[in-house]
Amino acid sequence: MPPNSTDESNGNLKVTQTTEYSREYSKQDAEPVNYTKKWNEFKYFISQLKWFNIILLTTLHLAFVWAVIAFPWLQRGRLILWHAFFFHLTAFGVGAGAHRLWCHRTYKAKFPLRVLLMLCYTTAGHNPLFYWVRDHRVHHKFTDTDADPHNSTRGFFFSHIGWLFMKKHPDVLRKGKEIDMSDLWEDPVIRFHQKYFIPLTLTLGFIIPAIVPPLVWGQDWFWSIISSAVGRYVFVLNFTWMVNSAAHMWGTKPFDNSISPTENRLVSMFCFGEGWHNYHHTFPWDYKAAELKYAGYNGSSFFIELFGKLGWAYDLKSASPELVKKVVLKAGDGSHLVWGKEVPESEEDKIPKATKQ
Ligand SMILES: [Zn+2]
Ligand SMILES: [Zn+2]
């Protein structure tokens with residue numbers, strides 16, 4: 001019988017006894033609140049915050065909400081198209097450049113393509129390429145541990161934006177030093193980007209997207225600047241962060257059920273194919289970052305192949321269907337569209353014998 005319930009024979013007496021016992025028990029065993037400890041924890045938490053980032057990003061997001069409401073959507077068709085075009089350049093630079101080329105080396109690129117990718121990446125207004133790649137390599141090597149910069153076990157808010165509000169966990173700094181980044185410094189394109197990061201980012205990330213519409217077709221300056229510096233920038237930031245947050249929480253795991261990354265169609269559609277994250281963490285060396293070439297608007301795969309035809313991209317690495325099937329059957333969660341219905345051997349062991357036919 002559960003505590004504080006009654007029965008017909010001695011209900012009230014039983015209730016009283018159980019309640020008294022609970023009170024005695026809690027009095028004896030409850031630990032006194034250690035206010036000094038709590039205060040020290042609070043002080044430590046405050047000391048870890050990066051106030052500049054908090055104020056800047058919060059202000060930008062509040063401005064973004066206002067801009068979305070106030071923007072004259074129906075009268076600014078050409079401006080929307082301009083930003084959509086620019087968004088594709090950005091997504092190509094981040095996905096095919098920073099992520100698939102420099103971070104994972106899923107293919108090789110000739111000098112002109114590397115320059116193009118670097119310029120496209122710069123339009124995002126993200127951190128210097130070197131730091132972006134280092135953080136992402138640490139993320140893959142130590143996924144969902146304290147050494148993961150945006151450890152998703154700390155919740156959606158932390159993995160999405162909260163990690164930028166705080167100083168890095170000591171393990172991130174410690175393990176980050178162990179990551180081999182020598183290949184990045186060997187690339188003159190990366191060195192050039194690092195050296196001229198601020199003027200490049202200001203010009204390509206903010207000035208050009210804002211001044212082209214007024215100068216080329218007479219767009220009003222006000223909405224051109226707001227939609228570039230606030231609208232496009234915050235939109236790009238959030239969909240990049242979605243790969244770290246949503247694509248580590250919501251979706252299926254057809255390739256490896258033991259890891260947190262998931263297959264997330266929505267993230268993939270807005271991130272040029274970067275949302276097939278369960279596949280990507282299972283086969284990080286695959287240039288498609290997805291099992292299927294173009295599923296979920298995988299524009300980065302399309303352009304890598306296009307530049308492959310020009311000879312600017314080469315040595316494209318990809319997992320064979322046989323290997324993918326083997327991995328799906330061994331470690332997947334059973335949601336794979338083709339091989340998902342076959343029960344993996346490891347899962348078969350978990351099925352209670354009584355239910356086996
Ligand atoms: Zn990830
Ligand atoms: Zn990756």
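Tyr 314 sits in strand β2, in a model that is predicted. The protein chain as a whole comes to 17 helices and 2 strands. Of its 357 residues, 34% are buried. Among contacts between residues at least 6 apart in sequence, 63% join residues at least 24 apart.

**Around strand β2**

- Tyr 314 and Tyr 107 are 207 residues apart in sequence, yet their C-alpha atoms are 6.0 Å apart in space.
- Setting aside residues up to four places away in sequence, Tyr 314 touches Tyr 107, Lys 108 and Gly 308.
- Asp 315 is found in the loop that runs between β2 (313–314) and α16 (321–331).
- With 11 C-beta neighbours inside 10 Å, Asp 315 counts as exposed.

**Positive phi values**

- Here is some background for this group: most residues other than glycine have a negative phi.
- Asp 315 has a positive phi, near 55°, and is a residue other than glycine.
- Tyr 297 is another residue other than glycine with a positive phi, in this case near 60°.
- The place of Tyr 297 is the loop between α14 (277–282) and α15 (299–310).
- Tyr 297 counts as partly exposed, because it has 17 C-beta neighbours inside 10 Å.

**The packing of α4 and α6**

- A pair of packed helices is described by the angle between their axes and the distance between the axes.
- For helix α4 (residues 77–103) and helix α6 (residues 129–141), the axes come within 10 Å and cross at roughly 65°.
- This crossing of α4 and α6 is right-handed.
- On the α4 side, the residues that meet α6 are Ala 98, His 99, Trp 102 and Cys 103.
- Their partners in α6 are Leu 129, Trp 132, Val 133, His 136 and Arg 137.
- By type, the residues of this contact of α4 with α6 divide into 6 nonpolar, 2 polar and 1 charged.

**Helix α10 and its two sides**

- Which residues of helix α10 (residues 188–195) are buried? They are Val 189, Ile 190 and His 193.
- Looking down the axis of α10, the buried residues fall within an arc of 100°, so they line one face of the helix.
- The face turned away from that buried side of α10 carries the exposed residues Pro 188 and Lys 195.
- Cover for the buried residues of α10 comes from elements including α5 (111–122), α6, α9 (182–185) and α11 (197–217).

**Cys 120 in α5**

- Helix α5 holds Cys 120.
- Is Cys 120 buried or exposed? Cys 120 is buried, because 23 other C-beta atoms lie within 10 Å, where 20 or more are needed.
- Leaving aside neighbours within four places in sequence, Cys 120 is in contact with Leu 89, Thr 90, Phe 92, Gly 93 and Gly 97.
- A separation of 9.5 Å lies between the C-alpha atoms of Cys 120 and Phe 87, which are 33 residues apart along the chain.

- His 169 has its place in the loop between α7 (156–160) and α8.
- With 18 other C-beta atoms within 10 Å, His 169 is partly exposed.
- From C-alpha to C-alpha, His 169 and His 150 are 9.9 Å apart in space, while in sequence they are 19 residues apart.
- Arg 174 is found in helix α8 (residues 170–176).
- Arg 174 is exposed, with 12 other C-beta atoms within 10 Å.
- The C-alpha atoms of Arg 174 and Ala 147 are separated by 7.9 Å, and the two residues are 27 apart along the chain.

**Annotated transmembrane regions**

- An unreviewed UniProt entry carries the annotation "transmembrane region" for residues 51–74, 80–102, 196–215 and 221–243.
- Residues 51–74 are 83% helix and 0% strand in the model, with the end C-alpha atoms 37 Å apart.
- Residues 221–243 are 100% helix and 0% strand, and the end C-alpha atoms of this span lie 33 Å apart.

Conventions: Residues are numbered from 1 along each chain as its sequence is written. Chains are lettered from A and ligands numbered from 1 in the order in which they are written. This is a predicted model: local features need pLDDT of at least 70, side-chain atom pairs count only at pLDDT 80 or more; totals for chains, interfaces and linings use all residues. Axes are lines fitted to C-alpha atoms, for helices over the stretch in contact, and angles run from 0 to 180 degrees between N-to-C directions. Helices (H or I, at least four residues) and strands (E, at least two) are DSSP runs, numbered from the N terminus. A crossing is left-handed if the near helix is turned anticlockwise from the far one by less than a right angle, and right-handed if clockwise. Two residues are in contact if their C-beta atoms, placed from the backbone, lie within 7 Å. Ala, Val, Leu, Ile, Met, Phe, Trp, Tyr, Cys and Pro count as nonpolar, Asp, Glu, Lys and Arg as charged, and the others, Gly among them, as polar. The arc is that of the directions from the helix axis to the C-beta atoms. UniProt positions are given in the numbering used here, feature names are shortened, and annotations may be inferred rather than shown by experiment.
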